[in-house]
Amino acid sequence: MGRIYPAENRIDDEKPVVRSDRVSSWTVWKKSSMAFQGTDGFSVYDSNGTLAFRVDNYSRRHKRLAGELVLMNGAGAVLFALRPQIFSMHDQWNGFKEEKEGLRAGSKRHVFSMRKRSVLQSSDETEVFMVSSGGQLSPKPDYRIEGCFWRRNCKIRGNSGEVVAKISRKKANSSTILSDDVFSLTVEPGVDCELIMAFMVVLDRICQKPFSPIMCSSNAVL
């Protein structure tokens with residue numbers, strides 16, 4: 001049987017590869033490495049079984065009460081701060097990175113905004129707008145996410161329509177599919193893995209779990 005997560009809690013003390021020159025595969029476990037009852041989290045392992053990214057415990061309450069989420073590398077260094085836009089019909093979230101150098105060192109820079117594509121439709125389709133170096137939000141989506149996140153069946157596309165990452169069910173072997181709490185994430189060469197991880201965490205907060213197959217339409221089958 002394939003490995004779900006490492007038997008040893010190995011952590012990579014070095015910063016994970018942000019961009020790879022080949023396809024990278026990750027195993028996502030929807031559970032914090034420091035789990036407490038009544039909370040959620042993420043532990044993401046690379047192909048060697050090393051803990052590469054994590055989101056520690058956060059409340060399952062409504063986003064207005066849950067507050068900021070923090071995406072870290074395996075050693076606990078902060079990569080992204082993810083904040084909900086409180087009064088947003090599109091369930092918008094904003095991603096921030098801490099400035100490391102210069103006059104603004106220590107301050108947080110707005111990197112992207114992510115929101116549902118439509119308020120009226122019960123779907124997981126979302127859009128991501130990147131922020132320019134001048135602080136301006138892109139007028140058109142830089143990324144689109146289509147499919148059904150809660151069925152672990154969705155793709156992240158770039159602004160030209162190319163697939164940059166894919167979320168899919170995790171197989172233990174050729175005949176056994178694992179539960180929804182463990183799934184696979186594949187990232188294409190040259191794509192920022194930290195950014196994709198941040199998108200995935202936000203997806204978990206803004207996408208509604210379907211109560212029936214109708215909520216995940218045929219367009220969600222990839």
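**What the labels rest on**

Q: What makes D192 the cap at the N-terminal end of α2?
A: One of the side-chain oxygens of D192 sits 3.0 Å from the backbone nitrogen of E194. That passes as a polar contact, because the cut-off is N or O atoms within 3.5 Å, where one must be able to donate a hydrogen and the other to accept it (residues adjacent in sequence count only if both atoms are side-chain atoms). Bear in mind that this is a predicted model, where local features need pLDDT of at least 70 and side-chain atom pairs need 80 or more, while totals for chains, interfaces and linings use all residues. Residues are numbered from 1 along each chain as its sequence is written, and side-chain values use heavy atoms, leaving out hydrogens and water.

Q: How do you know that the length of α2 agrees with its residue count?
A: At 1.5 Å a residue, its 14 residues should span 20 Å, and the end C-alpha atoms are 20 Å apart, so the two agree. The expected span is 1.5 Å times one less than the number of residues. Helices here are DSSP runs of H or I with at least four residues, strands are E runs of at least two, and both are numbered from the N terminus.

Q: Why is α2 called largely enclosed?
A: Because 14 of its 14 residues are buried. Buried means under 20% relative accessible area, with exposed over 50% and partly exposed in between (1.4 Å probe, protein chains only).

Q: Which residues touch the most other members of the largest nonpolar core?
A: F112, L185, F199 and M200, out of 42 residues. Helix α2 (residues 193-206) is the top contributor, giving eleven. A nonpolar core is a set of buried Ala, Val, Leu, Ile, Met, Phe, Trp, Tyr and Cys residues joined through side-chain atoms within 4.5 Å.

Q: Why is the pair of F149 and W150 edge-to-face?
A: The centres are 6.1 Å apart and the planes are at 75°, so that's the class. F149 is buried at 1%, and W150 is buried at 16%.

Q: How do you know that K116 is buried?
A: Its relative accessibility is 15%, so it counts as buried. K116 is found in strand β7, and its side chain makes a polar contact of 3.4 Å with that of D91.

Q: What makes β5 a paired strand on the β4 side?
A: Four bridges join β4 (residues 69-73) to β5, running antiparallel, and pairing takes at least two DSSP bridges. L69 is bridged to L82 of β5.

Q: How do you know that β5 and β6 pair as well?
A: Four bridges again, in the antiparallel sense. The bridge partner of L82 in β6 is G95.

Methods: Rings of Phe, Tyr and Trp (its six-membered ring) pair if their centres lie within 6.5 Å; planes under 30 degrees apart count as stacked, over 60 as edge-to-face and the rest as tilted.
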